[in-house]
Structure formats: structure tokens, C-alpha cells
Amino acid sequence: MTLHPILAALKKHKAGVTLITLQIALTLAIVCNAVFIIGQRVDRINRPSGIDENNLFLVTQSWVGAPTGDDEGSIDKLDSMQQADVATLRNLPDVESAIAVNTLPLVNSTWSTGISLKPDQQRSTAQAALYFGTEQMVPTLGLKLVAGRNFTSAEIGHMGFRGHNKPPVIIVTKALGDKLFPKGDALGKTVYIDRNPTTIVGIVERMQVPSVNSWANSWFWNSVLIPTRLDAGFSRYAVRAKPGRLDAAMREAPKALYASNPMRVIETGAKFEDKSVHSFAEIRRYAYRADRGMAVLMGVICLILLCVTGAGIVGLTSFWVGQRRKQIGIRRALGATQVDILRYFQTENLMIAGVGVVLGAILAVGLNLWLMKQFQMDRMSITYVLVGVVVLLVLGQGAVFAPARRASKVSPVEATRSV
Amino acid sequence: MFAYYLDLALRSLKRNKALTGLMILTIGFGVAASMTTWSVFRAVSGDPIPWKSSKLYVPQIDAWGPTVQKNNPDPEKGPPDALTYGDAVGLMRDHRGKLQSAMYMLSPSVVPAKVGEHPFNTMGHAVFSEFFPMVDVPFKYGSGWSAADDESRAQVAVISSKVNRRVFGGGDSVGKTINIDGHDYRVVGVMGEWNPQPRFYDVVNTGGFLSQDEGVLLPFNTTIAADMSNDGNTNCSEAPKETGFVGLQRSSCIWIEYMVQLDSAADAQRFKDYLEGFARQRYPGWAPNVRLRGLMAWLDHEHVVPPDTRISLYVALGLLLVCLVNTAGLLLAKFLRRSSEIGVRRALGASRREIYTQFLIEAGMVGLAGGALGLLLTWLGIVGVGWVLPRDIADLARLDVSLFATTLAVAIVATMLAGLYPTMRAAAVQPAWQLKSN
């Protein structure tokens, strides 16, 4: 079959053909970029936090009228209150272990600092988030130690919330170790935090920083464990419940804490923001709510777009078929088979969609470049465009099939009838 | 004539129900997607205090110097977005604006008067007395405190209606005593419902949008004296030399927000000049690096509108565009198919203008029906957006009269625009040719 008659026929519908080509191009451009956004968000949501999230929950509380934490005496008082709380939680029947932490991955409350290789470096070598806690941190959070050792209880100190942070030893994530010492020999090396030297004694496989915001994107895996209890008027407790006892433990924990000291705040509202006992699953859901929302929204828009474009092709082709019944009849009378007619409309669609996807691919890349400039988005891989092209060509063929089949059923007798 | 065209349009639309339905659906979905995202965008990009935003300014002073600035990954950012304690107190002492207030964020606990009830946390700010008239805080009972209270570090508090209900069970609680973080304060004012979005006076710590409302406002000097520490961000270019809250106050860390009311552009210029002099005096080591941004420019600088909201709006507008192209294509096919009918009408004396009217009315009717469907879907979208987007932002999106009207108008105007070219083609039909070919 030659393309000539198709081209000649298309020339008669210049405006309609232009509109449908434009529609296919725009659809491809938008769908590619939207799916790319979805892909990025899904990647973000699926990043492992590095801790064992099962049966883990977090209690955030503050004491009413607590000591300021500015002088030695009040820091000691706060420290003993914190340790009493940890003991209370550990003694609960449904609790396996409990520790005081300043924050956890995905909690979005970050203490970050620069890590340097020399004491008086102008610009630090790497930015990192600090996790303060005891030697119980590694086992309770389920961190995987890949080199070196855990802290010993003799290394654990404590300090006020605004005290001077001078840990003698630290544990770093592998990502941070490799960033500081690209040869991979970070273990045992000395680095500087706020100009104070400290030795890397252990390396954990992975631990996310607490922030999921974009400002932390470039140092997302750079975490440091500090062997220090942080004492302040508020505290956070990471608690691991016994398997299957998470709900029970989450109910017991605030009751037990109130029983030991009622002058404290543990919020128990219904919304995430209004309560202060959260399972880690809730924390994860909350942390990525915007990303999940964006992915769903983009998904819905893609779906509508593809439906509209598919339906548009069906509608327009149906019209053209209706308009050309007589011509189809003549062709059939002159010996064209049903398959010939079917092929005709399919080829016609393939040509229109072909031009549309080429235009659309260019538009898609352009749109991505614009989004990169406006919103610091990443470069879209060409795979998205290629897959998009295939999807739209298949969509076009699928949409054209029903009207084309109807056209192929036109009887040769039509040729003899006047319209 | 209009009624006749309506009748013609209805007949024509009925003739091909599937196609008409398809066009209505297309318009409906396109309009609904863009109006839903628009409602969110409108909510987050709006002016929180339209009657006064042009008079409110946020000063910035570079307290860190060019060596730190050089390490700044984003040199366009300019000076840090908060002040050191020393700078803020200095500006307050000079008192060069009409009204001004330094402030920092608190998260104090409140102890209910009733025995046996657990204390609860609330959000608040430490502010100066001029904060109240400056940002027009509404009062249900009482008022803010006085400048004398600022000076004397009075133990006074302004509380929200919600805190008032929770602690005192509502009513006029002015004069009553409230226990905040273990200290007693005398209530001088109970705020009316007040939850400005974005939280324009402190977008640095709130990120702009908060579902929690301002629970307590306390005098700045009083909270400093009471060691009530900052619950907002603290940014340090180097670790404070001394420990504790006093160490923070003496450090170069930035943690204080500041707002000033300046009534005219001349006042603003004078204040900017003063700010430069102030910076030169405080930081003789480097050339003064200060900014004085108007409120709306400040909100823009702080990227209060989340980029996701903007991207969603653009993508949804792209969807609307595709829907319009689609509708234009379908209308074109539909109109041109009726060439012979047009030919007959023209031959019987209908002018081009009348053909125009007839077909634009037909397009408009599709738009109207699409708009009605779009309205329904927009309503669904706004209900559903709470499930998709973070609550603090999604809760702001509302279907009000103006959104209602905009949705219908967008649907009708857009469909008529889409129908313009097809109508033009229809009106250009040559009657003689059409009559002959039949």
C-alpha cells in the first residue's frame, strides 16, 4: 500500500490533523514529565532509613517547669529525669528496649554540623546530622555495624542542650566515611567537629538524616552517632516493642510516664501534629506525605490526559469514517478488502501519531529543561521519552481500532447510494 | 433569535450524544483539574494581610561577614534570613520604625487550672507590645500589653480563644492567672479567631503554613529573663563560645525574627539608610550588607509557595490546554460535517454573523455543561486534595463563590475559544458549492 492516498486525504483535513497532532505532542510532553516526577518521588519514598522500623515507636515529651539546663546542677537533674524515664519504659511488659535520642530519621528535627579533616579548615569537608545517644543506640535502632565497634558504656557522657559538643569517639555512616576518606579507610581516623578532634571507631551501613527536606538532599546519608546523652527540658524516646505488641506498648508508655511524673506534656490528639506518641510507620507516612500526594496527583493527571487523548482520537476518526463512507464503499467495490480499509485507517493514525510523538519528544525535553531551571529538578532520562513514545503510539492504534473496524465493515453497496 | 439558536444547538448536540458527552467530559475534567490545583495555589500564594502588606518590612543584616558568605552555596541569597539577638535588641532600642517587633518562636507548656488535667503544649511567640497594632491582632477580650510592660518585664500574656477554652472554659478571662512553663502570667487579652496563612510574621520558623494556631504571646524581655528558650531554628556560623541560653544571646547565631511598619516609601528609604549605618557600626570589619524587603517580596524570597504547588498548577494547566485542543478538534469535525446545513441556511439569507452566533452558542452550551460537570469535579477534587496533599496546605483550599464563578467562566470562555476556529471555518462555507454538490 502506498502512502500517497493517505497523504492526499489528510491534506483535506489540515486543521483537524494539526489539532490532533498537537494534542498528541502536548500529551506526550506532559505525561513524560509527570511520570518522571512520579518516579523521583517513588524513589525518595522507598529510600531505606537504615534503621529497623518494625515494632519501633517514638515518644516525644516535655517536662513542665523543668530546670533550664544551663548550669551543671540542672543538667544533672535533667539527666537523671531522662534516665528515670528510660528505665520506666524498659520495665514495661511489652517493651523490648528503649533509649533516649535527640531525633530519628524522617522526624525532621535536625542538628547538623560540618565535619572537617583539619582543625582550622575554612570550609568543612562534609555536612552531617548528629544523633546523640548511648551504646544502646546501635542495637535498639537495629543499625548494621559494618566495620569497627560500638561505643562502650565508659565512653558515654552527657551534656546540656546548648553545651559544647566534644565527643572523644564517633560512629559514622559508610556514606559519610567514604565522603571524608574516599579511599574507604575512615575507620580509626581523626576528624574535627566544631574544631574538636574525635576518632571514628565504627562504621554503620546506612542511616538517613532526620530531614527529608530538599536542603538535606546533598548529604542525605551523612549521619554521625555521638556517645552523649543530650539533656533538655524535652526528650524523645525510641522504644522497640516486643513483636506484635506495638499497639499495647504505645498505649502503656504515656500512662507509665505520667504515673512516674505527672508534670509533663504528652499530647494525645487524633491528628499526627496533635499527638506525641507515634509508631515509626506513622512517622514515615507523615514525612513523605507531600511526595506521595504529588505522585498521586501527577498519576491522576496522566490518566485523565491519556483518556482524553484516546477518546479524542476515537471521536475524530469516527467522524472521518462517517464522512468517507461513500469513498470507502467505492474502494471496496473496486476490490479493496476489509483488511485494506482497516490498514488504511491504522496507517493514517500511525502517521499522525508519528509526527505527534516526534514533536512531543522535543517538547518533553524542553519542558524538562524548563522545570530544571525553574524548580531545580533533575534531568529526565531519555528512557521516559522513549517509553512515552511507545505508549502513545499504542494508545493511538488502540483508539483507532474500533472506528477503523467499523469502516472496514462498510459494504461496497454504499458506493451506489447517494449520501 | 437567541432562543432559536439555543434550540438549534440543543438539537445538534442531541444528534450525536456520544460526541457531545465526550466534549463535556473533556472540558469538565480539564477545568476541574486546573481549578483544584488553582484553589490550592491561590490559598498559599495569597496576601495574608492585604490592607497592610505594603507597609510591612523585614530587615536583614549580614552578621557573619564575607568569609562565611563566600562559603554560601547560594550567593544570591544575601544576608541570613534572621537576626542575632544583639542586632535585634539594638534595632528595638533605636526604635526607628513606626511600629516594630523582634520575636522568636516558643513552644511552652500550659498547666490547666483544673486539678487532675494533664498539661498541654502550645505554640507561641515572644513579641513586643507594638506587635499587636502592627499585624492587627484581633481581640475578643482585653488587649495587648503596653510599652511600659515591655520595659518592666511584666508577667503578662495574651492567649488564643482555644487556650482560653481549654484552661478557663472560655469567657472573659482578662485578669486571671495562667501557668505557662511553670510561671504565672496575668492574662491581659484573649485573641479572637486568628490564624493568618501564611504565618507572615514568622515564615522562617513556620515554613509559612501551620495548622496549629498561635496559642500564647508573651513579652520578649520577660521570656528572655525567664530563660524561655527558642523553639524555632537556630543557625550558627560557628559554635557559641559560651554555653546555655545566655551563650546563645551573646553569640553570632541567628534566631530572632523582626518586622517593622513603615508608612511610606520615603520612610522605608530612611529606614534602609539607617540600617546600613547600623550595620557599619556593628560590623566594622566588612561593608554593610543589609536588605529591607516588603512583606510580599519577603514571602517570595522565602519561597513560601511550595514548588510542588506551582508545578501541579502548571501541569494541570497543561492538561486544560490539551482538553481545549481536543475539544477544538471535535467541534471542527462536528461543525464541518454540517456544511450542507450551513449552505442551506446561508442560501436562505442567514448572514455570516448569524452563523457565527449560532455556532458560538453551541460551543458555549458545551462549555456551560462542561463547567457544571467541572464544578462538581472541582468540589470532589477539593475534598480529595486533603487526602493527597499535606493537611496544612490542603485545608486552605476552599470552594467559595469566587472559585465557583471562575470555574464556570473558565469553562465557558475556554470552550468558546476552542470553538472560535471551527466557527470561523463554518461561517466560511460557500453556500453555492454546498448546494451544488448535493
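The model is a predicted one. Chain A and chain B meet in a contact that takes 46 residues from chain A and 48 residues from chain B. The domain assignment divides chain A into domain 1 (4-44 + 290-416) and domain 2 (65-262), and chain B into domain 1 (2-47 + 306-437) and domain 2 (63-288).

**Contact between the chains**

- On the side of chain B that touches chain A, the elements giving two or more residues are helix H2 (17-45), strand E4 (109-111), strand E5 (120-121), helix H10 (244-250), helix H13 (307-337) and helix H17 (401-427) of chain B.
- Helix H13 of chain B gives the most to this side, with 19 residues.
- Sorted by class, the side of chain B that touches chain A is made up of 28 nonpolar, 15 polar and 5 charged residues.

**Domains**

- In chain B, the centres of domain 1 and domain 2, taken over C-alpha atoms, are separated by 50 Å, and the contact between these domains takes 6 residues from domain 1 and 4 residues from domain 2.
- Helix H16 (residues 391-394) of chain B supplies the largest share of the domain 1 side of that contact, namely 3 residues.
- The domain 1 side of the contact in chain B has 3 nonpolar and 3 charged residues, with no polar residues.
- In chain A, the C-alpha centres of domain 1 and domain 2 lie 55 Å apart.

- Strand E4 (residues 126-132) of chain A pairs with strand E10 of chain A in the parallel sense over 4 bridges, and A:Leu130 has A:Val224 as its bridge partner in strand E10.
- Strand E7 (residues 169-173) of chain A runs antiparallel to strand E10 of chain A and is joined to it by 2 bridges, with A:Ile171 standing opposite A:Leu225.
- A:Val394, placed in helix H11 (residues 382-408) of chain A, is exposed because it has 11 other C-beta atoms within 10 Å.
- The C-alpha atoms of A:Val394 and A:Leu225 are separated by 53 Å, and these residues are 169 residues apart along the chain.

**Strand E12 of chain A and its partners**

- Strand E12 (residues 234-241) of chain A is largely enclosed by the rest of the structure, because 7 of its 8 residues are buried.
- Strand E1 (residues 56-63) of chain A is joined to strand E12 of chain A by 7 bridges, and the two run antiparallel; within this pairing A:Thr60 stands opposite A:Arg236.
- Strand E2 of chain A also runs antiparallel to strand E12 of chain A, with 6 bridges joining them, and here A:Ile99 stands opposite A:Ala238.

**Helix H17 of chain B**

- Helix H17 of chain B has 27 residues and reaches 37 Å from its first C-alpha to its last, which is close to the 39 Å expected at 1.5 Å a residue.
- The helix bends by about 40 degrees at B:Leu420, and the proline B:Pro422 follows within four residues.
- Helix H17 of chain B is also one of the elements that give two or more residues to the side of chain B that touches chain A.

**Backbone features in loops**

- Most residues other than glycine have a negative phi, and most peptide bonds are trans.
- A:Asn108, in the loop between strand E2 (95-101) and strand E3 (112-116) of chain A, has a positive phi near 70 degrees; this residue counts as partly exposed because it has 16 C-beta neighbours inside 10 Å.
- A:Arg195, in the loop between strand E8 (190-193) and strand E9 (196-204) of chain A, likewise has a positive phi near 70 degrees, and with 13 C-beta neighbours inside 10 Å it counts as partly exposed.
- In chain B, a cis peptide bond with omega of about -5 degrees joins B:Gln197 and B:Pro198, and B:Pro198 has its place in the loop between strand E10 (183-191) and helix H8 (203-206) of chain B.

Conventions: Residues are numbered from 1 along each chain as its sequence is written. Chains are lettered from A and ligands numbered from 1 in the order in which they are written. This is a predicted model: local features need pLDDT of at least 70, side-chain atom pairs count only at pLDDT 80 or more; totals for chains, interfaces and linings use all residues. Two residues are in contact if their C-beta atoms, placed from the backbone, lie within 7 Å. Ala, Val, Leu, Ile, Met, Phe, Trp, Tyr, Cys and Pro count as nonpolar, Asp, Glu, Lys and Arg as charged, and the others, Gly among them, as polar. Domain bounds come from an automatic or database domain assignment. A residue is buried if 20 or more other C-beta atoms lie within 10 Å of its own, exposed if 12 or fewer, and partly exposed in between; C-beta atoms are placed from the backbone. Two strands pair if DSSP finds at least two bridges between them. The expected span of a helix is 1.5 Å times one less than its number of residues. The bend at a residue is the angle between axes fitted to the seven residues ending there and the seven starting there.
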